[in-house]
Structures are given as structure tokens and as C-alpha cells.
Amino acid sequence: MNLEILGITVLWTFLFGYIMVGAIDFGAGFFNAYSLITGKQRVLTKVIQRYLSPVWEITNVFLVFFFVGIIGFFPKTAFYYGTTLLVPVSFGLILLAIRGSYYAFETYGSRGHKGYSFMYGLAGLLIPASLSIVLTISEGGFIELVDGNPVLDYWKLFTSPLTWSIVVLSISATLYISAVFLTWYANKARDLEAASLLRRYALTWSFPTMIAAGGIIYELKKYQPEHYSNIQNFWPMFLISFLLFVGTVFLLYTKRQYGWAFTLLAGQFAFAFYGYGASHYPYLLYPYLTIYDSFTNPAMAISLVVVFILGLCLLIPSLILVMRLFLFDKDYVRGKGDYHA
Amino acid sequence: MGNEEAVFFSRVLTETTLSFHIIYATIGVGVPLMIMIAQWVGIRKNDEHYILLARRWARGFVITVAVGVVTGTAIGLQLSLLWPNFMELAGNVIALPLFMETFAFFFEAIFLGIYLYTWDRFENQKKHLLLLIPVALGAAFSAVFITIVNAFMNAPRGFDIVNGELVNISPLLAMFNPAMPTKVAHVVVTAFMTAAFVLAAIAAFRLLRGSDHVYHKKALFLTMKLGFIFSIGAAIIGDFSGKYLAEYQPEKLAAAEWHFETTDKAELILMGVLTEDNEVKYALKIPYGLSILAANNPFAEVTGLDQFPEDEVPPLYIHYLFNLMVFIGMWMALLSAIFLLGKWREWKFIASKWFRWLIVLGGPLSILAIEFGWWFAEVGRQPWILRDIMKVSEAATTSGQVDMMLILFCLLYLVLGVGSVVVLRRMFRRNPVEKELEDRHAMKGRDVR
């Protein structure tokens with residue numbers, strides 16, 4: 001394995017981490033807001049807040065890590081993506097800012113404030129939609145070089161079915177991932193009423209997610225045949241992903257083993273995500289940027305890898321501590337002790 | 001939009017984001033240490049007041065940290081969105097501290113989450129205090145790493161440019177550039193100083209607003225002590241910063257001091273106005289002052305603006321930014337010194353209304369000093385984004401939508417700024433300290449009032 005592939009694998013892993021924790025987070029915020037409208041807040045709010053409260057800030061770090069890392073490992077991305085993504089990423093940033101701060105305002109400032117809850121619930125749902133546009137753009141064809149400067153063709157971007165299938169996938173996947181996770185979490189908390197409601201949400205969003213994912217592959221065939229044929233080379237990964245999906249839905253449907261259902265779901269998304277990433281190789285942006293021509297100098301690459309390894313030595317034990325205290329601590333999950341400042 | 005407009009709006013947007021972010025970032029770096037000290041004092045003295053102080057500060061801190069995190073994410077991405085050409089170069093040379101900062105931030109975020117949700121969960125309170133150490137360290141190191149990147153912009157090192165190509169790149173040399181020691185120390189110490197004075201202002205304000213509780217008096221005494229210590233630190237480091245500038249960025253020092261001609265025995269100019277032919281009027285002049293600041297020697301020669309081409313001299317209004325920053329720093333050191341002396345000698349006036357109002361005023365003033373300092377740092381580097389290597393005008397995006405984004409982000413900062421103030425006020429008003437002490441008294445069954 002060369003440094004280029006090592007670098008992109010590390011970054012892709014953090015992006016995967018962000019997509020999973022972010023989806024759980026954003027979906028939970030949305031379900032919380034939704035339960036306020038439908039009057040089910042009594043059932044859902046408690047379990048959702050129990051999970052969300054100690055981890056919200058950690059979610060954000062995954063994203064920061066990804067974009068700082070990509071500038072470090074692949075500095076040329078700053079030029080291409082930086083110039084063209086001003087508008088979509090700024091929208092993402094504004095949503096992210098509203099989501100993060102209003103979440104804190106509601107949780108620590110005025111518990112149960114409806115306006116704040118709606119604000120962060122809705123903003124959270126739109127974040128995946130606005131950030132997923134970056135993936136669409138990376139497929140190429142939306143950026144042209146004018147006088148040596150990359151320019152984004154908005155009209156083409158927003159009239160492309162590919163854009164919209166990716167947006168739909170990002171939203172439905174967010175709700176699906178979140179619902180499956182929270183079903184497990186609620187079940188662990190012995191909150192059966194919440195678990196059964198969340199299970200229903202999970203089943204509702206399972207098939208739209210799969211249909212949107214299929215739609216993207218279909219659109220790619222028309223739109224970016226090169227990538228499409230690469231995807232076919234990785235068919236076993238997508239097949240495994242699909243089988244894991246079937247497994248999750250089966251467990252949910254038969255009301256069994258919610259922990260396993262979530263594990264299978266994580267596997268499903270991992271296989272699809274890495275399969276997609278691998279088939280995108282070597283391009284970071286079709287057809288301008290590959291991981292090779294945009295890679296940083298060896299001195300920087302090696303020092304980044306060293307810092308990354310040292311950083312992990314610090315982070316992994318701390319993450320385990322968080323999980324032991326909040327995710328796997330029975331008393332905490334069941335709400336037996338409230339030790340909030 | 002022409003490129004000039006894109007450059008202009010990129011500058012305005014970056015300045016707006018930084019000016020807003022730095023308020024929350026400074027509090028975010030400084031307050032964890034204050035919480036730690038208060039909790040430590042509380043445990044040592046077995047004094048419930050200090051513990052509660054730490055707890056209430058921690059609650060307020062979460063709100064400011066949330067805004068700090070999201071605006072920090074904004075500036076992090078805006079660097080690439082607005083200054084893509086700069087970030088392409090920076091990515092090659094100075095990406096390491098940026099990368100380290102995410103780890104520091106990660107570390108802080110994880111332990112902050114744990115700390116907040118484990119109050120009273122441990123039998124031994126010291127264990128809970130231990131959780132705060134990574135929070136304070138993570139916060140301080142975030143500031144260290146980010147300031148290193150800023151130092152690099154002022155004194156780029158660790159690479160060569162040969163035929164337009166970057167060669168001989170050394171990430172460590174880039175990190176440990178000559179601007180780094182003074183800049184990092186200055187940013188970190190002033191963050192502690194500002195946090196202390198902001199918390200002191202809150203305590204003084206509560207005392208003015210009718211509460212005569214000893215809790216607030218303890219808070220005021222503790223924060224004024226800390227503020228005094230850190231303001232002395234800031235003054236000493238400020239002196240070193242002057243020497244750094246004289247040696248490595250003489251045009252910045254000369255512009256800040258309206259020092260036009262290279263001379264020895266240079267005088268330090270305070271305030272004043274500049275006439276059209278660059279004559280200084282109405283200023284307070286301290287003989288030998290600038291030579292002492294620049295070289296610790298009243299007879300030393302100080303480089304003037306005459307040594308630089310006109311288009312490489314920063315705007316001269318930075319003189320006021322520099323002066324105001326220094327004045328506020330001095331004033332706060334003096335104010336806290338008088339307060340401490342007064343406590344010791346039992347002077348009555350330090351508990352008087354007017355004196356407490358001065359302390360209240362010190363909170364916003366300290367924040368203003370931080371703003372002046374950063375404006376001075378950034379405007380003083382003009383026209384360069386990377387001194388002597390890349391100009392700001394060459395670094396900006398070519399995108400045509402920066403003006404629209406500027407409006408959107410201004411609205412966002414308005415919403416966040418107002419929101420955070422409203423929430424903080426409501427939070428503490430609903431749960432005044434007297435009530436909380438009663439509750440804890442009832443819970444613990446011993447006298448904590």
C-alpha cells in the first residue's frame with residue numbers, strides 16, 4: 001500500500017464515521033422534532049436526549065477531521081473544491097451552525113423549547129442533503145475550467161437526476177440509520193413503547209433507502225459510464241451490502257436482536273461506502289484530480305501519518321471510555337442517574 | 001463579480017467570521033482553566049461555593065463552546081472556500097498543526113461530554129476534576145496549534161520556492177517558525193486573562209444587582225487574582241512580541257508606531273493623529289520608548305517605513321488598534337492590582353458601586369482588546385497573506401457569489417449571537433445561585449449556604 005492510498009483510506013474512514021454518527025444524530029434530532037408535531041414526544045424525547053446529550057460535539061469533529069485531513073494529504077483539492085464549493089458548503093455550514101448551537105441552546109438552556117427543537121431538527125435533516133452535493137460534483141461534468149479557474153455549473157447540477165437521487169438517498173439513509181440505532185438503544189433502555197415506534201420508523205425508511213441507492217447506480221450508468229463500469233468490478237461488495245440490508249430488515253421485522261440489526265446495518269453501509277469509494281479510485285474529482293497528482297509532498301505525508309497514529313493512541317481509549325460510560329452503562333442508558341452539570 | 005470584488009468580499013467575510021468566532025474561542029480556551037481552578041479550590045478547602053462556581057461556569061461554558069465549535073468549523077472550511085490558492089500552498093507546508101488541532105479538539109470534545117455528565121457520579125470528587133484536565137489541555141492546545149498556523153503566515157519557514165515549485169519542505173521547521181513562541185504565548189495567556197476578567201465582570205454585576213451573597217464575592221476575588229496574574233504574563237510576553245516584530249516584521253512594528261524614518265533613540269508614539277504629509281500631531285511621545293520596546297536598549301536603531309516599498313506597507317490605522325489593545329491590557333492589570341491591594345489593605349472603595357462598575361466594564365473591554373489584537377495582527381500583515389510569498393489578492397477565490405454568502409453568514413452570526421445571550425441569561429436567571437445553594441443544602445443535609 002502506498003501513502004496515497006493509506007491517506008485516502010484514513011480520510012474515507014473518518015467520512016464513514018461522520019456519516020454514521022452524523023446520521024444517528026441528525027435523524028434523532030428530526031424524530032424528536034417530528035414527535036413534537038405528532039404529539040408523541042412523551043414516548044420519544046427522553047430516550048433520544050439520553051443518547052444525544054453527551055456526544056453531539058464528537059460528531060462534528062469527524063467532519064472537521066475529514067476536511068482538514070483532505071487539505072493536508074491532498075492540498076490540490078483546496079484549489080478545485082474550495083473554489084467551486086463556496087455556495088453548497090456555505091449552506092451546509094450555516095445549517096450545521098444552527099443545528100449545533102440550537103441543539104445546545106435547547107438541551108442546556110431551555111429544555112423543551114419547541115422553536116429550538118424544530119430549528120435543529122430540520123437543520124439537521126438538511127445537512128446531509130447539502131453536503132452530499134459534494135459527492136455528486138466529484139462525479140465530474142459539473143465543473144469546467146474557465147481561464148484556468150474551476151467554475152461550477154449550477155443549472156446543470158440542479159437539473160441533474162443524479163443530484164437529486166443522491167439527495168434523496170442522503171435523507172432517507174439518515175432517517176433509516178438513526179431509526180435502527182435508536183430502536184436498539186430504546187430497547188436497551190427497556191423503553192418498549194419508544195422501541196416499537198422507532199422500529200416502525202426504521203422499517204418505513206428501509207426500502208426508500210434501497211430504492212434511492214439503486215437509482216444512483218442507474219443514473220451513474222447514464223452519467224458517468226467509467227465509474228459505473230468500475231462499480232461492476234466491485235459487485236461482490238455491493239452484493240454483501242444488499243444481503244446485510246436484508247438481514248437487518250428481517251431482524252427488525254421479526255422483532256429480534258436489535259443489536260445485531262444495527263451491526264448488520266453498519267456492515268451494509270460500510271460495504272457500500274467502501275465499494276463506492278474504491279470504484280471512484282483513483283479520482284478525487286473526475287477528470288481533473290486523482291489521488292496521485294494532488295498528493296502532498298512525502299515529508300508532509302509521513303509527518304501526517306505519524307501524528308495520526310499518535311492521535312489515535314490518544315483517541316481510541318477516550319472513545320472507549322465514552323462508550324462505557326454512556327452507551328454501554330446500563331444505569332445511564334436506563335436513566336437511573338442524572339449527573340448533568 | 002470582478003476579481004477585486006471577490007477579494008474584497010472574501011476579506012470582509014473572513015474578518016466577520018474571525019471577529020465573531022474569536023469571542024467564543026477565547027472564552028473556550030480560557031474558561032476551562034478557570035473552572036478547573038475553582039473546582040480544585042473547592043475540593044481543597046471543602047467549600048461548596050467554589051464547587052458550585054465551577055459547576056455554574058461549566059453550564060454557561062457549554063453554550064459558548066457550542067457557538068465556538070460551529071463557528072470554528074465555519075472558519076476552518078472558509079479558509080479553503082475563500083482562499084483556495086493559499087490553502088493549496090498551506091496544505092503542503094503547514095497542514096501538520098491544522099491536523100493536530102483536530103486531535104486536540106477531539107480530545108477536548110470527548111472529555112467535555114464526559115465531564116458534563118458525571119457531576120456527582122464519582123464518590124471521589126478528585127476523579128471528576130481529573131476529567132477536566134484533558135478539556136483544559138485540549139482547549140489550550142487547539143489555540144496553540146491554530147496560532148502556529150497564523151505565526152507561519154507572518155514568518156513563513158520550512159520550504160523553498162524554486163521555479164514556482166515548493167521544495168525542501170520541512171513541516172517541523174514550518175511549525176517552529178520565529179513568530180511562533182511569542183504569538184502562541186500571547187494568544188494563550190490573553191485568553192486566560194480575558195476569561196478571568198469576563199467572569200469577574202459577571203460576579204461584579206451580580207453584586208451590583210442586589211445579591212450580596214458571599215458566593216459572588218469569592219468568585220470576584222478568585223477571578224481578579226487570576227486576571228492579575230495573567231495580565232502581568234501578557235505584559236511580559238507583549239514586550240517579547242515587540243522584539244520579535246522589530247527583528248522579523250519591522251514594517252508591522254513601524255506602521256503600528258508611525259515610525260517613518262529609520263533612527264536610533266526612537267520614541268514611542270501614543271495615539272495622536274496623522275496629517276496628510278504623515279506628520280504626527282496631538283500624540284503623547286515617550287522618548288526612547290520604541291527603541292526600548294524593540295531592542296531593550298534606548299539607543300538602538302529601529303527600522304522605519306522608509307525602508308519598505310509603499311505597496312508593502314500595512315494601513316497606518318493599525319496604530320490605533322495596537323495602542324488600544326495595549327491600553328486595555330495595562331488598564332486591566334492596574335485595575336486588578338488595585339483591587340487586590342484594596343483587599344489586602346482593606347480599602348473600602350473597592351466594594352463601592354463605581355469600582356464594581358469599572359470591573360463590569362472590564363469584561364467587554366477585555367473582549368475588545370482581543371478583537372483589536374487580532375485586527376492588528378491581520379491588518380498589520382497586509383498586503384501579504386503569507387509574508388513576502390503570497391499577497392492576499394493572489395490568494396482569494398474566483399467565485400462570484402462571495403457577497404451573497406457574506407450576507408447569509410452575517411445573518412447567521414446575528415442569530416447565534418443573540419441566541420447565545422438570550423439562552424445564557426435565561427439559564428442563570430431561572431436558577432439563581434441562592435436557590436441552587438438551598439437545593440444542595442437540602443440534598444446534602446449539611447450547611448452549604
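How many residues of chain A are in contact with how many residues of chain B? Counting two residues as in contact if their C-beta atoms, placed from the backbone, lie within 7 Å, 57 residues of chain A meet 60 residues of chain B. On the chain A side these divide into 36 nonpolar, 19 polar and two charged; here Ala, Val, Leu, Ile, Met, Phe, Trp, Tyr, Cys and Pro count as nonpolar, Asp, Glu, Lys and Arg as charged, and the others, Gly among them, as polar.

A word on the ground rules. This is a predicted model, in which local features need pLDDT of at least 70, side-chain atom pairs count only at pLDDT 80 or more, and totals for chains, interfaces and linings use all residues. Residues are numbered from 1 along each chain as its sequence is written, while chains are lettered from A and ligands numbered from 1 in the order in which they are written.

Now look at chain B. Of its 449 residues, 53% count as buried, that is, with 20 or more other C-beta atoms within 10 Å of their own, again placed from the backbone. Its C-alpha atoms fill a box of roughly 75 × 45 × 40 Å along the principal axes. Among its contacts between residues at least 6 apart in sequence, 76% join residues at least 24 apart.

Finally, turn to the inside. Beyond its neighbours within four places in sequence, B:Met34 is in contact with residues including B:Trp57, B:Ala195 and B:Leu226.

Definitions and conventions:
A residue is buried if 20 or more other C-beta atoms lie within 10 Å of its own, exposed if 12 or fewer, and partly exposed in between; C-beta atoms are placed from the backbone.
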